[in-house]
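Biologist: I am new to this structure. Could you show it to me and take my questions one at a time?

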Amino acid sequence: MRILHGLATALMGAGLGVQIFLSFLIAPTAFRVVDRPVAVRVMEGMFPGYYGFGLATIGLALLLTLTLGLREPSPLRWGTILLLAITLAGTVYAGHVLLPEAHAARLRAEAAPAGDLAPLEFSRLHRLAVVVNIAIFATGAIALALHLAEGAAVRSRQGRLDADSRVASQRVSPNAPSGRGF
């Protein structure tokens with residue numbers, strides 16, 4: 001069970017880490033160091049892999065957590081499962097619905113004559129994509145927090161450590177009083 005818990009933790013952490021890396025390092029750097037049209041194409045080229053990675057990490061974490069939940073059910077595990085399912089659904093929506101719609105709207109906006117409303121549609125879809133990605137990150141982060149809390153609760157219920165895994169200092173009786181009057 002510890003291995004499944006550890007793998008699920010790593011997968012959730014990897015998914016969140018990629019979101020942070022893309023949002024706070026890759027995207028700002030792309031728009032700072034290259035011309036806007038090139039940065040847009042670079043980011044659009046990265047998004048399919050970004051969403052694919054999210055689907056893989058969250059999907060596998062969901063399967064592992066579901067396995068743990070079926071073997072050792074608890075409210076924290078089921079909360080984690082629910083939030084991971086929401087995160088997975090949001091990732092599917094962002095990658096397979098919003099991304100193609102925003103791309104098509106951007107192309108229409110670039111080709112639109114002055115005064116056309118196409119740029120407004122792209123702007124609306126871009127804002128929606130940002131909000132959805134923030135929500136995906138938030139639900140994923142809360143799922144990870146619940147998952148970690150359940151791991152701590154399991155360790156606490158198991159008495160922290162079993163007798164065979166204790167270090168020598170834990171097997172010896174408590175230290176004798178020092179006589180210092182403390």
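Biologist: Where is the place of glutamate 150?

Modeller: Keep in mind that this is a predicted model. The helix that holds glutamate 150 covers residues 118-157. That helix is α4.

Biologist: Is glutamate 150 buried or exposed?

Modeller: Its relative accessible area is 3%. Buried means under 20%. Glutamate 150 therefore counts as buried.

Biologist: With which side chain does the side chain of glutamate 150 make a polar contact?

Modeller: Start with the residues in contact with glutamate 150, leaving aside neighbours within four places in sequence. They are Ser74, Leu76, Arg77 and Arg157. The polar contact, at 3.0 Å, joins the side chain of glutamate 150 to that of serine 74.

Biologist: Which pocket has Glu150 in its lining, and how much space lies in that pocket?

Modeller: Glu150 lines the second largest pocket. Arg77, a contact of glutamate 150, is also in that lining. The others there include Met1, Arg2, His5 and Gln158. The space in the second largest pocket is about 170 Å³.

Biologist: Which element gives the largest share of the lining of the second largest pocket?

Modeller: Two helices, α1 and α4, each supply at least two residues. The largest share is 4 residues. Those residues come from α4.

Biologist: What about the largest pocket: which residues lie nearest its centre?

Modeller: About 850 Å³ of space lies in this pocket. Its lining has 31 residues. Helices α1, α2, α3 and α4 each give two or more of them. Nearest the centre are Met43, Phe47, His126, Val130 and Asn133.

Biologist: How many nonpolar residues does the lining of the largest pocket have?

Modeller: The charged residues number 4. The polar ones number 5. The nonpolar count is 22.

Biologist: Is glycine 6 buried, partly exposed or exposed?

Modeller: Glycine 6 lies in helix α1. Its relative accessibility is 35%. Buried needs under 20% and exposed needs over 50%. Glycine 6 is therefore partly exposed.

Biologist: What separates the C-alpha atoms of glycine 6 and leucine 148?

Modeller: Along the chain, the two residues are 142 residues apart.

Methods: Residues are numbered from 1 along each chain as its sequence is written. This is a predicted model: local features need pLDDT of at least 70, side-chain atom pairs count only at pLDDT 80 or more; totals for chains, interfaces and linings use all residues. Side-chain values use heavy atoms; hydrogens and water are left out. Buried means under 20% relative accessible area, exposed over 50%, partly exposed in between (1.4 Å probe, protein chains only). A polar contact is a pair of N or O atoms within 3.5 Å; within protein, one must be able to donate a hydrogen and the other to accept it, and residues adjacent in sequence count only if both atoms are side-chain atoms. Contact means heavy atoms within 4.5 Å. On a 1 Å grid over the protein atoms alone, a cavity is a set of points where a 1.4 Å probe fits but cannot get out, and a pocket is an open set with protein on both sides within 12 Å along at least five of seven lines; lining residues have an atom within 4 Å of a point. Grid points are joined across faces, edges and corners, and a volume is the space filled by probe spheres set on the points. Ala, Val, Leu, Ile, Met, Phe, Trp, Tyr, Cys and Pro count as nonpolar, Asp, Glu, Lys and Arg as charged, and the others, Gly among them, as polar.
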